[in-house]
Amino acid sequence: MLVNGASGGVGTFAVQIAKAYGAEVTGVCRTEKVDAVRSIGADEVIDYTEVNYANTGERYDLILDAGAHQSMLATRRALAPGGRYVLVGGALGPMLGTLALGPLLSRLGNERVAVLMAEPNRADLEAVGDLLESGDVVPVIDRRYPLEEVPDAVAYLESGGATGKVVITVG
């Protein structure tokens, strides 16, 4: 499995959950976050400022894309035959491209392309709760902001500097 955006709020959970279920995980992030992604369990880490994972020749059964910094067509080159590409967030252009072309590409090839629309349910939440309780998944919290500093928190998130979650404290 490859997690693009492995150092972000979604990616840090994705890496740990995949590892908890026994997957071999490659995380993609920028230079200053490589050690953080290794520390949460990634087997391999690709620094996207040095290497474009879509051009390495490696193929993955599952690509979870929380970054969407390149087109789905480029990312699709890194899918193994029968693999799945799931977009969970990122830049607007690649997201729109995936929404528009994903169903067509899924019909034409043997890969599957999808945009994840979360539908929380009790069983999934209990499974994540069990992983948190066991310590197999530990939330990565970058910074905490008081409620009155929400604009600063949003600006920090938009800067791309956060590793893991940014928390807003109330009270």
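**Labels and their rules**

Modeller: The buried residues of α1 pack against β1 (2-4), β4 (60-65), α5 (122-134) and β8 (165-169). This is a predicted model, in which local features need pLDDT of at least 70 and side-chain atom pairs count only at pLDDT 80 or more, while totals for chains, interfaces and linings use all residues. Residues are numbered from 1 along each chain as its sequence is written, and side-chain values use heavy atoms, with hydrogens and water left out.

Biologist: Which elements does the protein have, and what makes a run a helix or a strand?

Modeller: Helices (H or I, at least four residues) and strands (E, at least two) are DSSP runs, numbered from the N terminus. The protein has six helices and eight strands, in the order β-α-β-α-β-β-α-β-α-β-α-β-α-β.

Biologist: Why is T12 called buried?

Modeller: Buried means under 20% relative accessible area, exposed over 50%, and partly exposed in between (1.4 Å probe, protein chains only). T12 has a relative accessible area of 2%, so T12 is buried. T12 lies in helix α1 (residues 9-20), whose buried residues also include G9, F13 and V15. For the protein, 38% of the 171 residues count as buried.

Biologist: What does T12 touch?

Modeller: Contact means heavy atoms within 4.5 Å. Leaving out residues up to four places away in sequence, T12 touches A6, S7, I40, V140 and G164. A polar atom of the T12 side chain also lies 3.5 Å from the backbone oxygen of G9. For a polar contact, a pair of N or O atoms must be within 3.5 Å; within protein, one must be able to donate a hydrogen and the other to accept it, and residues adjacent in sequence count only if both atoms are side-chain atoms.

Biologist: How do you know that the span of α1 agrees with its number of residues?

Modeller: The expected span of a helix is 1.5 Å times one less than its number of residues. The 12 residues of α1 should span 16 Å, and the end C-alpha atoms are 17 Å apart, which agrees. For α5, with 13 residues, the reach is 18 Å from first C-alpha to last, close to the 18 Å expected.

Biologist: What lies at the start of α5, and what follows α5?

Modeller: At the start of α5, a side-chain oxygen of N121 comes to within 3.2 Å of the backbone nitrogen of A123. After α5 comes G135, with a positive phi near 85 degrees.

Biologist: Why is the pair of Y145 and Y156 called tilted?

Modeller: Rings of Phe, Tyr and Trp (its six-membered ring) pair if their centres lie within 6.5 Å; planes under 30 degrees apart count as stacked, over 60 as edge-to-face and the rest as tilted. By this rule there is one aromatic pair. The ring centres of Y145 and Y156 are 6.5 Å apart and the planes are at 45 degrees, so the pair is tilted. This pair links distant parts of the chain, with Y145 in strand β7 (residues 141-146) and Y156 in helix α6 (residues 150-158), 11 residues apart.

Biologist: Are Y145 and Y156 buried or exposed?

Modeller: Y145 is buried, at 10% relative accessible area, and Y156 is buried, at 13%.
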